[in-house]
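Trainee: I'd like to learn how to read a structure piece by piece. Could you walk me through one?

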Amino acid sequence: MTPPQRQRRSPAPEPPPQPAQEGEGKVRNPERMYVVAGPDGERAELDLVTLIVARAADPPPSASPEQAALLRLCAAPLSVAELSAYLHLPFSAMGVLLTEMLTAELVQARAPIVRKARSDRSLLEAVMNGLQRL
Amino acid sequence: MDFNGSDTIPGPRAEDQLPHTAQAAAKIVIVGGFGVGKTTMVGSVSEITPLTTEETMTQAGIGVDDNFGSASKTATTVAMDFGRISITEQLVLYLFGTPGQQRFWFLWNGLFEGALGAVVLVDTRRLEVSFDVMGRLEERGVPFVVAINTFPDAPRYDIEELRTALDLTPDIPIMECDARRRASSRDVLMTLMRFLHSLAMQGAHT
Ligand SMILES: Nc1nc2c(ncn2[C@@H]2O[C@H](COP(=O)(O)OP(=O)(O)OP(=O)(O)O)[C@@H](O)[C@H]2O)c(=O)[nH]1
Ligand SMILES: [Mg+2]
């Protein structure tokens with residue numbers, strides 16, 4: 001039996017269009033989400049694997065129940081994806097909640113490692129060593 | 001949800017907490033058609049019980065080929081499962097098993113753009129369902145490896161025959177795996193990392 005035949009595609013010349021224009025499905029919140037992160041107040045893109053950690057052990061009395069729940073969860077660092085899972089909140093809703101909390105300095109964000117044109121070989125080697133131990 | 005009962009929201013078990021030294025995380029995506037073993041692969045290598053993140057999509061976005069009631073007016077919830085592997089005290093790796101329907105992938109902002117790479121799971125009984133997946137990764141410049149999940153009743157092809165059928169360049173790794181076995185899933189991830197490493201080496205020379 002001969003398998004069906006695929007045809008390879010080339011990299012898109014421009015960055016891929018946003019999903020709303022692409023007709024892939026209307027997303028409620030198609031813009032990229034930015035959160036304030038870092039001591040200089042620079043904006044960073046919120047990623048599924050941005051790590052969030054509470055700045056103080058106990059939620060301040062001013063914290064909303066939603067904020068208090070999040071603070072309890074990230075007493076130790078936790079990814080946005082995990083927070084979204086435990087809080088049963090869509091990823092897009094996490095952006096709003098976390099922007100408030102980063103601005104109020106209730107939590108700290110640790111930026112993810114993303115793929116770059118020039119990959120960091122030492123990072124890949126560390127991952128390989130880690131997987132070897134699995 | 002009612003956050004007034006937030007004391008009762010279950011969080012990670014004590015043994016599932018990351019150390020305070022965890023500085024940054026990276027992600028890998030596992031893609032493939034319906035029922036090809038994405039969730040199984042995430043579960044077999046994850047150190048935590050896989051979790052689910054959800055995203056909602058409005059009616060307008062539901063295509064004509066959907067399985068959902070076409071009269072339904074409610075937003076559709078799409079779930080994506082994921083797992084985690086602690087690499088060092090500072091570094092964490094997350095694995096995302098994308099939903100079977102590809103048009104849902106874009107609900108999660110930057111899922112592919114930031115990913116280190118992807119694993120394309122292929123079922124030889126339905127080889128063509130993975131064609132579009134691979135094309136999209138190629139268009140976006142996301143490096144990937146191909147893992148053939150060996151189902152008992154699936155047709156067996158020679159690896160080189162599959163490479164030709166999938167129109168893969170000679171450098172792209174293609175291998176058989178059993179997503180149910182941790183060692184096998186781990187080997188697939190190792191192969192992806194070695195591939196990414198070789199790409200980085202090439203980059204260093206040009
Ligand atoms: N023989 C065999 N069966 C497998 C393998 N991987 C998964 N399965 C079985 O295939 C079925 C589907 O696996 P899932 O992991 O749920 O597939 P999925 O890709 O997450 O499916 P969707 O999320 O619905 O698209 C399950 O019954 C698995 O036990 C494999 O490597 N070999
Ligand atoms: Mg699944």
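Mentor: Let's go through the ligand site, then some strands and a helix. Keep in mind that this is a predicted model.

Trainee: Fine, the ligand. Which residues are closest to ligand 1?

Mentor: Start with the shell, then look at polar atoms. Here 16 residues surround ligand 1, and the closest are B:Lys38, B:Thr39, B:Thr40, B:Asn149 and B:Ala179. Helix 1 of chain B, residues 38–45, gives the most to that shell, with 3 residues. Sorted by class, the shell holds 5 nonpolar, 8 polar and 3 charged residues.

Trainee: And how far is an oxygen atom of ligand 1 from the side chain of B:Asn149?

Mentor: An N or O atom in the B:Asn149 side chain sits 2.4 Å from a ligand 1 oxygen atom. For the side chain of B:Lys38, the N or O to ligand oxygen distance is 2.8 Å. B:Val36 uses its backbone instead: an N or O atom there lies 3.1 Å from an oxygen atom of ligand 1. As for cover, ligand 1 taken alone exposes 650 Å², and the protein buries 69% of that.

Trainee: Now strands. Why is strand 3 of chain B largely enclosed by the rest of the structure?

Mentor: The general idea on pairing first: strands of a sheet pair through backbone hydrogen bonds, either parallel or antiparallel. As for your question, strand 3 of chain B (residues 76–86) has 8 of its 11 residues buried, so the rest of the structure largely encloses it. Strand 2 of chain B, residues 51–57, pairs with strand 3 of chain B in the antiparallel sense over 7 bridges, and B:Glu54 stands opposite B:Ala79. Strand 3 of chain B also runs antiparallel to strand 4 of chain B (residues 91–97), joined by 6 bridges, with B:Ser86 opposite B:Val92. A hairpin of 4 residues links strand 3 of chain B to strand 4 of chain B.

Trainee: In chain A, what is the strand order of the open sheet?

Mentor: The order is 4-3-5, three strands with antiparallel pairing. Strand 4 and strand 5 of chain A are at the edges with a single partner strand each, so one side of each has no neighbour in the sheet. Strand 3 and strand 5 of chain A share 4 bridges, and A:Leu51 faces A:Arg110 across that pairing.

Trainee: Last one: which residues of helix 2 of chain A are buried?

Mentor: In an α-helix there are 3.6 residues a turn, so residues three or four places apart point the same way. In helix 2 of chain A (residues 65–73), the buried ones are A:Gln67, A:Ala68, A:Ala69, A:Leu70, A:Leu71 and A:Leu73. They pack against several chain A elements, including helix 3 (80–87), helix 4 (91–103) and strand 5 (107–110).

Note on methods: Residues are numbered from 1 along each chain as its sequence is written. Chains are lettered from A and ligands numbered from 1 in the order in which they are written. This is a predicted model: local features need pLDDT of at least 70, side-chain atom pairs count only at pLDDT 80 or more; totals for chains, interfaces and linings use all residues. Side-chain values use heavy atoms; hydrogens and water are left out. Buried means under 20% relative accessible area, exposed over 50%, partly exposed in between (1.4 Å probe, protein chains only). Helices (H or I, at least four residues) and strands (E, at least two) are DSSP runs, numbered from the N terminus. Two strands pair if DSSP finds at least two bridges between them. Contact means heavy atoms within 4.5 Å. A residue is near a molecule or strand if one of its heavy atoms lies within 4 Å of it. A polar contact is a pair of N or O atoms within 3.5 Å; within protein, one must be able to donate a hydrogen and the other to accept it, and residues adjacent in sequence count only if both atoms are side-chain atoms. Accessible areas come from the Shrake-Rupley method with a 1.4 Å probe; for residues, only the protein chains shown count as cover. Ala, Val, Leu, Ile, Met, Phe, Trp, Tyr, Cys and Pro count as nonpolar, Asp, Glu, Lys and Arg as charged, and the others, Gly among them, as polar.
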